[in-house]
Amino acid sequence: MNSRLSSERMNILIVEDDTHIRNGLVQLLNEEGYSVDAFSNGEEGLYQASEWDYDLVILDVMLPKLDGWEITKKLRAKQKSIPILMLTALSEIDDVVTGLNLGADDFMTKPYNERELLARVRSLARRGKGTPSDEIQLGRVVVNTLQRAVFADEAEISLTATEYRIVEYLALRAGQVVPHGQLLDVVTGDTEEPESNVIDVHIYRIRRKLGKNFLQNKRGLGYIIPSPQEGI
């Protein structure tokens with residue numbers, strides 16, 4: 001890695017022209033311990049991503065000078081395998097398909113939930129380090145973050161989109177208790193008024209599908225997927 005970038009911390013490049021969003025992302029990621037560079041136009045973003053070694057690029061689509069589609073296309077043409085997370089106001093399925101077909105690794109729409117963003121950043125950044133993190137092995141259960149799929153005893157389990165988000169979020173924190181309110185933000189976002197029992201309902205359904213011991217409720221504290229070392 002070029003000496004300009006820290007070898008101790010994961011290095012993230014943000015290309016976002018909205019000053020408020022860009023500054024918010026920088027602050028959020030710095031607080032999580034990442035080293036962050038941020039730029040406001042596509043040409044500068046492409047140069048930085050081409051010339052320096054980053055662990056992840058968070059990329060807007062509608063950028064001045066060069067849009068996110070072209071940046072992704074050019075980086076992949078250069079054989080740059082850096083993970084790319086597209087973070088954009090575009091939300092149509094055709095936009096998602098376009099981004100993924102061009103070589104993006106993940107796609108999130110604005111406004112974004114901070115905790116969900118951080119979960120995806122951790123997954124993609126580890127993948128960029130060469131860690132085989134597409135799959136999280138949790139005893140008899142495997143969470144594939146690339147396919148967005150969950151398997152138990154090698155058979156794929158049918159989960160709703162919300163159920164998958166809960167499982168992935170907790171799986172990325174296996175062995176840690178996640179407070180109820182934190183998980184509620186992942187499910188509903190910060191702007192929605194949730195029903196009081198929405199998490200309990202989803203947890204109940206997940207446990208029916210994956211087993212009672214897979215996901216535990218620590219009364220008064222939150223929820224936890226035991227780490228593989230603890231046994232599931």
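**Entry 1: the chain as a whole**

Helices (H or I, at least four residues) and strands (E, at least two) are DSSP runs, numbered from the N terminus. The model is predicted: local features need pLDDT of at least 70, side-chain atom pairs count only at pLDDT 80 or more, and totals for chains, interfaces and linings use all residues. Residues are numbered from 1 along each chain as its sequence is written, and side-chain values use heavy atoms, with hydrogens and water left out.

Next I looked up burial. Of the 232 residues, 50% count as buried. Buried means under 20% relative accessible area, exposed over 50%, and partly exposed in between (1.4 Å probe, protein chains only).

Then I looked up contacts, meaning heavy atoms within 4.5 Å. Among contacts between residues at least 6 apart in sequence, 57% join residues at least 24 apart.

**Entry 2: α6 and α8**

I turned to α6 (residues 161-171) and α8 (residues 198-210). Their axes lie 10 Å apart, at an angle of about 80°. Axes are lines fitted to C-alpha atoms, for helices over the stretch in contact, and angles run from 0 to 180 degrees between N-to-C directions. Therefore α6 and α8 are roughly perpendicular. Angles under 35 degrees count as roughly parallel, over 145 as roughly antiparallel, 65 to 115 as roughly perpendicular and the rest as oblique.

Which residues meet? On α6 I noted Thr-162, Glu-163, Ile-166 and Val-167; on α8, His-202, Ile-203, Arg-205, Ile-206, Lys-209 and Leu-210. This contact has five nonpolar, two polar and three charged residues. Ala, Val, Leu, Ile, Met, Phe, Trp, Tyr, Cys and Pro count as nonpolar, Asp, Glu, Lys and Arg as charged, and the others, Gly among them, as polar.

**Entry 3: α2 and α3**

I compared a second pair, α2 (residues 42-51) and α3 (residues 68-77). They pack at about 25°, with axes 10 Å apart. Therefore these two helices are roughly parallel. From α2 come Gly-42, Leu-46, Ala-49 and Ser-50, and from α3 come Ile-71, Lys-74 and Leu-75. By class I noted four nonpolar, two polar and one charged.

**Entry 4: Arg-140**

Where is Arg-140? I found Arg-140 in the loop between β6 (135-138) and β7 (141-144). Its relative accessibility is 38%, so Arg-140 counts as partly exposed.

I left aside neighbours within four places in sequence. Arg-140 then touches Phe-151, Ala-152, Asp-153 and Leu-210. Arg-140 and Leu-210 are 70 residues apart in sequence, yet 9.2 Å apart in space, C-alpha to C-alpha. Leu-210 was also in my α8 list.
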